[in-house]
Amino acid sequence: MKLKKLLICLLGLSVNSLAFGQVAGDEDKEMFNQSKERDQKAIDQALNTWWTASMKTHEQRIQWWRDAKFGMFIHWGIYSLPAGEWKGKKVGGYAEHLMRKEKITRKEYLDIAHQFNPILFNADKWILDAQKAGMNYFIITAKHHDGFAMYPSNVGDFDIAKQTPFKRDPIAELAAAAKNHGMKFGFYYSHAFDWEHPNAPGNDWEYKNPGGDLGLYGGVNWYVEHPELLPKAVKYVDEKAIPQIKELLTKYHPDILWFDTPQKLPLSENIRILKAIRETDPNVVVNGRLVRSASANFGDYKNTADRPAEFYPVEGDWEAIPTTNESYGYSKYDHSHKSPGFLIQLLAKAASRNGNLLMNIGPKGDGTFDAKDLQILAGIEKWVGKNAESIYKTNKTPLPLQNWGVTTQNANKIYLHVFNWPKDGKLYVGGIKSKISKAYLLADPKKSNLHIQTLGEGDFYIDVPKQAPDTANTVITLRLNEPLKTDQVPYVATNIPLTRLLAFDANLSKGFKFGDGKTDRFYVEGWEKKEQSVSWVFRTSAAQKFKIEIKYLAGKESGGSYNFKIDQQDFKKEVLIGDTKVVTQVIGEIPLAKGLHRIEINPNTILKSELMKLLEVQLIPIN
């Protein structure tokens, strides 16, 4: 009875529309379902029977995924051939959304399929490229939103065997290669969005179906406002989605299934699909975007937003999905590739918060990886080859935040991931109250001892090379003589060129929501009342004068004034309207003594719907 009450409390029977926004045009802002009577019956039935039973084996099912930490995501389909171009015109945004963006009919789309012949595809190479970069699971699009199956399917004729000159089964080849090389393997399947099927949500240009860009029949809540349309979607689920998912499970025996855009279908249909999965294979891991709402997640773990730059706080198991540039499918026009260092740091940040990173690459239409993607993989491979120990089999530490990077832990070893190297060769660490037997560079084959100078209870510095051995992420290992004991106050070493106090890591009063974490979107929003405040408490390693800046977004919906208080000093500032650009506002040049400090931001006036969307406060040492 206690378990049942806990599940009901966790899953909630009232589903609200709290959402983390996505980029307009490619992703829906709302990825959660609205709860109705029909959905409630499905929730109750799941809680009382099969879902609760399936959770009894959840810990065994999820353990390999927790250990994996890092995976390869592949968006590959016939859209990879046009590569972001249609009839000689560049098409922006996600290349895999070509069919939707250009309103391509099923018949025209098959013209692309008839030319799709990726003769350079090599399953072993794909799996080995991922494995060498430290990835331990591999997920490929078996069917994306275009509805095209990248395997020979017995359901319909919209698949790679019937419509392309490429008569091989790339999914079977990848599954075999993954098994041969010890890689966990699975599929992305677009269960709720299907642009080729006349009964599925999404295609409003050819079939006038709901769930598309035109917002027909009430838009995102079409199944609430027009329940008479629901039988069409049920027919699609019965005739295509469930049969193909079962086909993938029984034919290829995947370790994991990955779903997306659940809001295109009512929650009851998503629950029905999950039930079919659990009946077919109770051991397959299912991500958190099949059945979820603002207060419920029936998946095995949670998914955060796409293409993150920073991570908002998440409890439990979670996964983030960056991509090497800005498109998931291959686009020959997208040259916005991240550096290997950015993704290496993102991997460390995820591990430090008990999360997984599923990094996407969009292979080309000929079956090869783009040269820029191969360079990124090579850079990650070089770093992982020397520092794997600091990521795998580690977990979040109780250590307070440090301004030079992040930390991970495995038993009696603490790993310091140093992104911002100290300019004077002294790495200040705060808050470790346990005895340390040794410190050394993880990438040093000799594990030569680094000198530690104690400064007081829990604080010390390590003598390190003047130049960072690895400019992306140098890892220092600390061996402990006893269980880790820490304090909880974030530590600001004053010899680090920049300290970022993220809004994601602030103390927040009620009413705030988190942005999705993308570049320039790692803000807190919903600052609508004067009694709402944002604050940080931190310690400094020495007396230091800082230039203090605040960064935020302030569009047409923002406006007002605020009070920025640091210790006993108050600064009154007006919100500067920057539309879509990040505003950087100087607070002042302020000397801080060694020790404990507090920053608090409070509204004085709120002139529009919110004060601002706060990103971070920056502390820049002044020599």
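A residue counts as buried when its relative accessible area is under 20%. Keep that cut-off in mind for this tour of a predicted model.

**Whole chain.** Start with everything shown as a cartoon. The chain has 14 helices and 32 strands. Its radius of gyration is 25 Å, close to the 25 Å that the globule rule gives for 623 residues, so the chain is as compact as a globular protein of that length. The C-alpha trace spans about 70 × 60 × 60 Å along its principal axes. Of the 623 residues, 60% are buried.

**Surface and charges.** Now colour by charge: the mean positions of the 82 positive and 73 negative charges lie 4 Å apart.

**Aromatic pairs.** The structure holds 28 of these. Select Phe73 and Trp258. They form a tilted pair, 4.9 Å centre to centre, with 50 degrees between the planes. Phe73 sits in strand β1 and Trp258 in strand β6, 185 residues apart. Both residues are buried.

Next, select Phe512 and Trp527. Their ring centres are 5.3 Å apart and their planes are at 70 degrees, so this pair is edge-to-face. Phe512 lies in the loop between β23 and β24, and Trp527 in the loop between β25 and β26, so the pair ties together parts 15 residues apart in sequence. Is Phe512 buried or exposed? Phe512 has 13% relative accessibility, so it counts as buried. Trp527 is buried too, at 0%.

**Last stop.** Select Trp76, Phe116, Phe121, Trp126, Phe166 and Phe369. Together they form one aromatic cluster.

Terms used. Residues are numbered from 1 along each chain as its sequence is written. This is a predicted model: local features need pLDDT of at least 70, side-chain atom pairs count only at pLDDT 80 or more; totals for chains, interfaces and linings use all residues. Side-chain values use heavy atoms; hydrogens and water are left out. Helices (H or I, at least four residues) and strands (E, at least two) are DSSP runs, numbered from the N terminus. The radius of gyration is taken over C-alpha atoms; the globule rule is 2.2 Å times the number of residues to the power 0.38. Buried means under 20% relative accessible area, exposed over 50%, partly exposed in between (1.4 Å probe, protein chains only). Lys and Arg count as positive and Asp and Glu as negative; His and the chain ends are not counted. The place of a charge is taken as NZ of Lys, CZ of Arg, CG of Asp or CD of Glu. Rings of Phe, Tyr and Trp (its six-membered ring) pair if their centres lie within 6.5 Å; planes under 30 degrees apart count as stacked, over 60 as edge-to-face and the rest as tilted.
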